[in-house]
Amino acid sequence: MTPQDGHTIAAAAPSPTSRARLKLIDCDVHHALRSSKDLLPYMASRWHSHLEDFGRRRPVPFTAASPYPKTAPALSRTDSWPPNGGPPGSDLVFLQEQLLDPYNIEYGMLHLLMSGMDERNQDLGNATCSAINDWQHEHWTQKDRRLKAAIVVPGEDPPATVREIERWAGNPDFAQVSLVTHAIEPLGRRRYWPIYEAAAALGLPIGLHSSGNNGHAVTSAGWCSYYVEEQHNVALSQQNLAISLVCEGVFERFPALKAVIVEAGFVWVPSVAWRLDQHWARMRGEVPHLTMKPSEYFRRNIWYTSQPADEPEKPEYLRQSLDWLGWDRLLFATDYPHWDMDSPEQAFKFRMTEAEQRQVFAENARAVYGLA
Amino acid sequence: MNTALPGGIDCDVHPALPGMSALMPYLDPYWQEQVTVRGIDGLDLASFPPQMEANGRRDWRESGAKPGTSLERLQRDALDGFGSRLAICNPLYGVLAIYNEHFAAALARAINDWITAEWLDREPRLRASITVAAQNAELAVDEIERRAGDARYVQVLLLAQDEAPLGNRRYWPIYAAAERHGLSIGVHAGSTFRHATTSNGWPSYHLEDYAAHAQAFQSNLLSLVHEGAFHKFPALKFVLIESGFTWLPAFMWRANKTWRGVRAEVPWVDRPPGDLIRDHVRFTLQPTDSPPTGADMERLLEQIGRDDMLLFSTDYPHWQFDGQNVWPAGFSDALKRRVLLDNPRNAYPRLKEALQ
Amino acid sequence: MARHIVASAGEIPPGGRKLVTVRGREIGIFNQGGAYFALLNRCPHQGAELCKGTLIGLATSRGPGHFELTRRGEMLKCPWHGWEYDIRTGQSWCDPNDTKVRAYPVTVISGEALVQGPFIAETFPVAVEQDYVVIDV
């Protein structure tokens, strides 16, 4: 007797059945290359032999592994390996069957966990980013119109980045610009501003998914020992990233720029904003370019994807977090197919009104990304 | 000043060295000559530049002098000013950031001798942290042993951003010595600059560096929990100083959630990280990083879930509040009393002796 | 509650499992050293198909740096967030009192007893000389 996928009965926690009928916008979906060779058709032939010989080079010690081994192969749910082969997220049909169709997903915002931005060979990095975007367009966004890609760019080379953004400008398949977050400098620094200028002029948000390697220790207190620490520390890095964008004055210079912090959750936002406001009040002479309190930039220019949705002892505490940070700031995301992904039906263990659900699960994202 | 509240224990004041010249009497001849001949000075921490108004409240400064250098001002502004019955001195000077371990250890010893002679011996309400060169755990333990007999030393002082996160085993001999002697471990905001002030690299502004102390403290809590420091040293209390605390609930939620999924990597962590932190870690009051309203703070305190975790502090002479407004909105009188006295007594076992 | 035949004895090898649907519920039947256990195929955390998770041992420790693996193959690691469940009790390791997967009583009954009814056999033709795994749902 073969097991059938059973209908998921509503969990004991409050789970309004209206959620099942609501169309969702999933702001963090991870597609994947089936093989590194998938990019070769989009790369000049010199790179074919170069990659065979020299491969990719990043500021990491191993050719094909992390010094912090992850808790699951490919960081993914063990049931997300496609039956036809390839790593999790690499098979569009399986992604449709496991994610897009059953959860009634109207749009899925794609984030590829690979970039040329932290490639140490700059020409290779540039070529890789262009190839990724060509591949995403041909094999993903054109094949399933629900999927929207991010323009992957070689952010350490701002002129090349601006060219790549302009190459896709106006193409509705691309909904944002993606930068690696562990960049060589904090992303608020001026060297990256030409990127923000181009993105803002085109109305494209910048999507900031935890990624990349810059050779700095994973914490400002040095290198931790365990993956259980590293997994949390990357979320702390995202907090510093938000602080950088605000304090460097990116949103002052580009008031229309929208930034989406992806995969860091959201419960940290209020305390970071309160802390920044308090210390800005006594150090504001250092940053005269800021014309508003830091918390106001958090509320005006930054959005946060929901995953991982935290699980306090009292689920209602999440409501308090959202009241403080703003219900319009939250963008629902599954983070499919990662092991720590959130189920749309069960991630939030507190009751939301229908209006709140529509905001969090769809309308905030529709507004940020300008989706129909 | 609210006269209805008892005088408390100020768990963070900063006596400041005017310069290396003040340490000369406490250095041996070899180091005196090294310092003189090589012109060594200027070891104020970049994390706390003394001239910055944030590090010396205007009405707490003597004109022309580095804030915190005057005992008489500290007595008047901090001790008398807040009716505190005791204050714990946390000297911030460059010991931990020096690469020459021997020099660092010599400086640490000199600083402790200077604190003893010119602060503790002159003002009976003062207590202190032991300055150590944690760069070399053996030398640090020597210094702890040297001071342990003086009951006025209640804590060993470290900085939050060092070479390795503070749960790392390289620090364990220091924790063992501290636990043996009933000393707590004080982790103060600040960096030895062994690493960039964020994992994303070097921000442009001091404001960002200062804000980033909060993330550094969180990285250290992850390390202390998951390296098993709380299991290895069950009697030891860690006090996070000038760290802020309003980030704590969100931090504990995430730490608990991650642990549940990855537990087998660190099987000695047999309780949720939040529970371990509640039992072993304390936080000084300043800066409060307060939410907008008192009601918000009450909710935040409820989320922290324990009323024994906060320790009264002024952070004198750093400018964290104006006038006497040391208390944020949302703290009941009952909580203030705990924060003023009971919590510091419990966080610092060696204080109990002194207060009896 | 009613009894349902879900497998014949010997059908599920030791260390093996079978997924069945009974009264609209997906349930995993586990053979642990000849003893059978039945767990709802839905993780109480976020509803993942728990019974498709990896069978693992239990990692415990005397203290930092000490590692011990016991109860090999007796714990179920949820395919999603990796939470660990004791197959015998359905309790999660990290929160045994409040996070448990629904477990169902399991017995092994002879075909001879079964043909006397009133068990719901569904797809099972019952032979009197065989034994069967029966769960109460």
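This note goes through a predicted model, point by point.

1. **Strand S7 of chain A.** Start with S7(A), residues 302-305. Both of its faces are covered. On one side sit A:Ile302 and A:Tyr304; on the other sit A:Trp303 and A:Thr305. All four of these residues are buried.

2. **The partners of S7(A).** S6(A), residues 259-262, runs parallel to S7(A) and is joined to it by three bridges. Within that pairing, A:Ala259 has A:Ile302 as its bridge partner. S8(A), residues 330-331, also pairs with S7(A) in the parallel sense, here over two bridges. A:Thr305 is bridged to A:Leu331 of S8(A). Between S7(A) and S8(A) the chain passes through helix H11, residues 316-325. This β-α-β crossover is right-handed.

3. **The contact between chains A and B.** Chain A contributes 68 residues and chain B 67 residues. Together the two chains bury about 5,800 Å². Carbon and sulfur atoms account for 55% of that area. On the chain A side, look at A:Ser220, A:Arg275 and A:Arg282. They supply 14% of the area that chain A buries against chain B, more than any other three residues.

4. In one salt bridge, the side chain of B:Arg254 meets that of A:Asp310, at 3.2 Å from N to O. Three helices of chain A each supply at least two residues of the side that touches chain B: H7 (227-248), H9 (269-283) and H11. H7(A) gives the largest share of that side, 16 residues.

5. **A:Glu106, buried or exposed?** A:Glu106 is found in S2(A), residues 105-110. Its relative accessible area is 18%. The cut-off for buried is under 20%, so A:Glu106 counts as buried. Its side chain makes a polar contact with the side chain of A:Arg366, at 2.9 Å. Leaving aside neighbours within four places in sequence, A:Glu106 is in contact with A:Lys23, A:Leu24, A:Ile25, A:Arg146, A:Arg366 and A:Ala372.

6. **Helix H5 of chain A.** H5(A) covers residues 158-168. Its buried residues are A:Pro158, A:Ala160, A:Thr161, A:Val162, A:Glu164, A:Ile165 and A:Trp168. A:Gly170 follows H5(A) and has a positive phi, near 85°.

7. **Helix H9 of chain B.** Why is H9(B), residues 273-280, described as largely enclosed by the rest of the structure? Because six of its eight residues are buried. These are B:Pro273, B:Gly274, B:Leu276, B:Ile277, B:Arg278 and B:His280. Among the elements of chain B that cover them are helices H6 (206-227), H7 (229-232), H8 (248-262) and H10 (294-304). Strands S6 (238-241) and S7 (281-284) of chain B are also part of the cover.

8. **Chain C overall.** Chain C has one helix and 10 strands. From the N terminus, the order is β-β-β-β-β-β-β-β-β-α-β. Its C-alpha trace spans about 55 × 25 × 20 Å along the principal axes. Of the 137 residues in chain C, 50% are buried. Take the contacts in chain C between residues at least 6 apart in sequence: 48% of them join residues at least 24 apart.

9. **Strands S1 and S10 of chain C.** S1(C) spans residues 3-8. Five of its six residues are buried, so S1(C) is largely enclosed by the rest of the structure. S1(C) pairs with S10(C), residues 131-136, in the antiparallel sense. Five bridges make up that pairing. C:His4 stands opposite C:Ile135 of S10(C).

Definitions and conventions
Residues are numbered from 1 along each chain as its sequence is written. Chains are lettered from A and ligands numbered from 1 in the order in which they are written. This is a predicted model: local features need pLDDT of at least 70, side-chain atom pairs count only at pLDDT 80 or more; totals for chains, interfaces and linings use all residues. Side-chain values use heavy atoms; hydrogens and water are left out. Buried means under 20% relative accessible area, exposed over 50%, partly exposed in between (1.4 Å probe, protein chains only). Helices (H or I, at least four residues) and strands (E, at least two) are DSSP runs, numbered from the N terminus. Two strands pair if DSSP finds at least two bridges between them. A crossover is right-handed if, with the strands pointing away from the viewer, the path from the first strand over the helix to the second runs clockwise. Contact means heavy atoms within 4.5 Å. Buried area is the accessible area (1.4 Å probe) that two parts lose on being put together, summed over both. A salt bridge is a side-chain nitrogen of Lys or Arg within 4 Å of a carboxyl oxygen of Asp or Glu. A polar contact is a pair of N or O atoms within 3.5 Å; within protein, one must be able to donate a hydrogen and the other to accept it, and residues adjacent in sequence count only if both atoms are side-chain atoms.
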